[in-house]
Amino acid sequence: MYEVQHDPLAEHQRDALPAEAQPRYMELLAMLELAPWAGDPFKEDKPEGNMRKKVFGGCGIATYLVIEEQRLVYVVRIIWLG
């Protein structure tokens, strides 16, 4: 299992998510704890890179860094377009 931490800006973005996005983001966090590599590579030309992105709730995207040696997922940005 991985620990999930948020960058201060991502914390602010998470707290600003609308009510309908909150359950979807919680589902994403559960996935990140178990399988963070299931996200898409942040850069398509670097599929093995540890910077990843994952769409959630149909209108959101989270960008995060996987630090494998620490079993850590560090969320750097959350965007909600809904």
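Reader: Which residues does Tyr 25 touch, not counting those up to four places away in sequence?

Author: A contact just means heavy atoms within 4.5 Å. By that rule, Tyr 25 touches His 6, Arg 14, Leu 17, Phe 56, Val 75 and Ile 78, leaving aside residues up to four places away in sequence. Before we go on, keep in mind that this is a predicted model: local features need pLDDT of at least 70, side-chain atom pairs count only at pLDDT 80 or more, and totals for chains, interfaces and linings use all residues. Residues are numbered from 1 along each chain as its sequence is written, and side-chain values use heavy atoms, with hydrogens and water left out.

Reader: What is the largest nonpolar core, and which residues have the most contacts inside it?

Author: General idea first: in soluble globular proteins, nonpolar side chains tend to be buried together. A nonpolar core is a set of buried Ala, Val, Leu, Ile, Met, Phe, Trp, Tyr and Cys residues joined through side-chain atoms within 4.5 Å. Buried means under 20% relative accessible area, exposed means over 50%, and partly exposed is in between (1.4 Å probe, protein chains only). Here the largest core has 17 residues, and Leu 17, Tyr 25, Leu 32, Phe 56, Val 75 and Ile 78 have the most contacts inside it. Helix H2 (22-34), strand E4 (60-67) and strand E5 (72-80) each give at least two residues to this core.

Reader: How many helices and strands are there?

Author: Helices (H or I, at least four residues) and strands (E, at least two) are DSSP runs, numbered from the N terminus. This protein has two helices and five strands, and along the sequence they follow the pattern β-α-α-β-β-β-β. The radius of gyration is taken over C-alpha atoms, and the globule rule is 2.2 Å times the number of residues to the power 0.38. The protein's radius of gyration is 12 Å, close to the 12 Å that the rule gives for 82 residues, so it is as compact as a globular protein of that length.

Reader: With which side chains does the side chain of His 6 make a polar contact?

Author: A polar contact is a pair of N or O atoms within 3.5 Å; within protein, one must be able to donate a hydrogen and the other to accept it, and residues adjacent in sequence count only if both atoms are side-chain atoms. The His 6 side chain makes one with the side chain of Arg 14 (3.4 Å) and another with that of Tyr 25 (2.7 Å).

Reader: How many salt bridges are there?

Author: A salt bridge is a side-chain nitrogen of Lys or Arg within 4 Å of a carboxyl oxygen of Asp or Glu. That rule gives five. One of them joins Arg 14 to Asp 15, with the closest N and O atoms 3.2 Å apart; Arg 14 is partly exposed at 24%, while Asp 15 is exposed at 55%.

Reader: What about Arg 24 and Glu 27?

Author: Their side chains also meet in a salt bridge (3.8 Å, N to O). Arg 24 and Glu 27 are three residues apart in helix H2, so about one helical turn separates them.
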